[in-house]
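Biologist: Let us go through this model term by term. Please set each value against its cut-off.

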Amino acid sequence: MGCSVVLIFDNDSQNFTNAEFLVNVRRIGICEYKDDPLTKQLPLKITQNREAVEQKWFDAILSTYAPETAVVWKKEKNRFANPVCHAFSVCISAVLDYVVSEQADADARLAAAQPSIEEVVRIRAIQNFAPSDALCFLPLLKKVIRETFWNDIADGDAAVEFLALESRIDVVLLLGLDIYSKCREKLFELRIKELKNTHATLLRRANLVCELSDIDPKS
């Protein structure tokens with residue numbers, strides 16, 4: 001199933017204007033383009049400026065934490081002393097590999113990125129974040145690309161490429177949502193089990209329960 005999308009770019013207001021193209025709706029509801037644009041200028045620009053993009057995204061992720069935490073994490077470069085930021089760096093690199101990959105390699109790149117995405121989502125799932133805040137680090141990449149390459153995106157052809165990149169980031173976000181839901185479900189199961197065990201222990205200490213073997217069947 002296809003749909004027609006019209007976008008406009010206005011350099012002053014940064015709104016979309018005058019660019020029409022066709023998109024396909026995938027089974028998960030994310031738009032993909034009939035003519036794969038991810039072999040042109042914007043992915044190349046991102047690749048050429050890869051280090052800067054990764055650093056900006058890393059800084060954006062750290063900004064979701066308390067300032068004092070972000071400062072300490074940013075200074076500590078040792079992967080063993082700072083495993084959380086190391087997980088962020090690995091995830092950033094893997095997701096960017098997928099986002100700028102050619103269509104033929106996209107599925108393989110996404111599969112390769114999944115373990116690192118899962119690692120970061122697991123970390124944020126157990127931290128004190130609301131669900132939307134826990135996953136906000138993924139769409140932050142859209143903001144980084146938009147701000148870094150706005151002059152290129154304002155060009156008509158690059159506008160199409162940017163939307164294709166956004167669609168891939170949306171795919172990653174949906175994957176992150178699945179992972180987050182499973183992590184939270186597991187956490188709740190562990191908490192319920194812990195509460196049951198604690199409750200049973202307290203009852204035993206108060207002599208309010210007994211083992212079945214302690215019951216005299218003749219009584």
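Modeller: Start with burial: buried means under 20% relative accessible area, exposed over 50%, and partly exposed in between (1.4 Å probe, protein chains only). Arg146 has a relative accessible area of 31%, so Arg146 is partly exposed.

Biologist: What ground rules apply to the model?

Modeller: This is a predicted model: local features need pLDDT of at least 70, side-chain atom pairs count only at pLDDT 80 or more, and totals for chains, interfaces and linings use all residues. Residues are numbered from 1 along each chain as its sequence is written, and side-chain values use heavy atoms, with hydrogens and water left out.

Biologist: Why is Glu166 called buried?

Modeller: Its relative accessibility is 16%. The limit for buried is under 20%. Therefore Glu166 counts as buried.

Biologist: What makes Arg146 and Glu166 a salt bridge?

Modeller: A salt bridge is a side-chain nitrogen of Lys or Arg within 4 Å of a carboxyl oxygen of Asp or Glu. Here the N to O distance is 4.0 Å. Arg146 sits in helix H7 (residues 140–148) and Glu166 in helix H9 (residues 156–205), 20 residues apart.

Biologist: How many salt bridges does the structure hold?

Modeller: Eight. One of them joins Asp97 and Arg50, at 2.9 Å from N to O. Asp97 lies in helix H4 (residues 83–99) and Arg50 in helix H2, so this pair ties together parts 47 residues apart in sequence. Asp97 has 26% relative accessibility, so Asp97 counts as partly exposed. Arg50, Glu54 and Asp97 are also linked in a network of salt bridges.

Biologist: What makes Lys74 and Asp59 a salt bridge?

Modeller: Their side chains meet at 3.2 Å, N to O. Lys74 belongs to helix H3 and Asp59 to helix H2, so the pair ties together parts 15 residues apart in sequence. Lys74 is partly exposed, with a relative accessible area of 38%. Asp59 is partly exposed too, at 28%.

Biologist: How do you know that H2 and H3 pack?

Modeller: Two packed helices are described by the angle between their axes and the distance between the axes. For H2 (residues 50–62) and H3 (residues 67–75), the angle is about 145 degrees and the axes are 9 Å apart. Axes are lines fitted to C-alpha atoms, for helices over the stretch in contact, and angles run from 0 to 180 degrees between N-to-C directions. Contact means heavy atoms within 4.5 Å. Gln55, Asp59 and Leu62 in H2 meet Ala70, Trp73 and Lys74 in H3. These residues divide into three nonpolar, one polar and two charged.

Biologist: What counts as a helix or a strand?

Modeller: Both are DSSP runs, numbered from the N terminus: helices (H or I) need at least four residues, strands (E) at least two. The chain has nine helices and three strands. Of the 219 residues, 37% count as buried.

Conventions: Nonpolar A, V, L, I, M, F, W, Y, C, P; charged D, E, K, R; others polar.
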